[in-house]
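Please walk through the aromatic rings of this structure. Where do they pair, and what surrounds them?

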Amino acid sequence: GSVAVTHDNNNHLIGCSPETGFDCSGLALYVLGLVNISVPADIRHCSEFFDRFGVYVHYKFRQPGDLVFFSPKGRAPRHMGIMIDNHKYIHSPGKNGEKVGIAKLHRETLAHTGKGQLYTENPIGFKRVVIKSGRWNILT
């Protein structure tokens with residue numbers, strides 16, 4: 001497997017390929033590119049994917065190919081992966097030297113930290129890739 005990197009240091013090429021290693025969003029960009037799904041050029045990090053790419057999917061309706069997002073403190077998306085079945089996702093752990101791998105999906109309640117907290121559990125959400133235009137014809 002490919003090696004993970006923690007951050008691209010604002011060089012958007014680092015973290016997006018097997019040669020430079022992957023961060024979590026770089027892995028998503030790479031995989032989406034392999035299946036010819038274009039991502040707008042200004043989307044690079046997981047928070048941008050969460051805010052502006054795909055459509056929201058309820059936890060109960062998740063499926064393989066959906067993007068899954070996590071927030072350690074419940075404030076903003078800080079990690080993402082791609083669902084490979086209803087219970088597992090592939091991701092880059094975001095720690096230098098670790099390998100891209102498969103993890104089990106666990107719902108986890110987040111402690112109430114107060115100010116700025118938006119989410120009460122992880123994962124904080126799922127997004128499905130938009131492949132066509134039109135409100136009711138967009139899901140894969």
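Seven aromatic pairs turn up when the whole structure of this predicted model is searched. A pair of aromatic rings is described by two values, the distance of the centres and the angle of the planes.

Start with Phe-50 and Tyr-56. Their centres lie 5.7 Å apart. Phe-50 has 4% relative accessibility, so it counts as buried. Tyr-56 has 55%, so it counts as exposed.

Now move to Tyr-59 and Phe-126. This pair is also edge-to-face, with 5.7 Å between the centres and 65° between the planes. It links distant parts of the chain, as the partners are 67 residues apart. Tyr-59 sits in the loop between strand E3 (55-57) and strand E4 (67-70). Phe-126 belongs to strand E10 (residues 125-128). Tyr-59 is buried because its relative accessibility is 18%, and the cut-off is under 20%. Phe-126 is buried too, at 2%.

What else meets the ring of Tyr-59? Two arginines do. Arg-62 places its charged end over the ring, 4.1 Å from the centre. Arg-107 lies over the face of Tyr-59, at 3.8 Å from the ring centre.

Key
Residues numbered from 1 in each chain as written. Predicted model: local features only at pLDDT ≥ 70, side-chain atom pairs only at ≥ 80, totals over all residues. Heavy atoms only, no water. Phe/Tyr/Trp six-rings, centres within 6.5 Å; stacked < 30°, edge-to-face > 60°. Buried < 20%, exposed > 50% of the residue type's maximum accessible area, 1.4 Å probe, protein only. Helix = DSSP H or I, 4+ residues; strand = E, 2+ residues; numbered from the N terminus. Lys NZ or Arg CZ within 6 Å of the ring centre and 35° of its normal.
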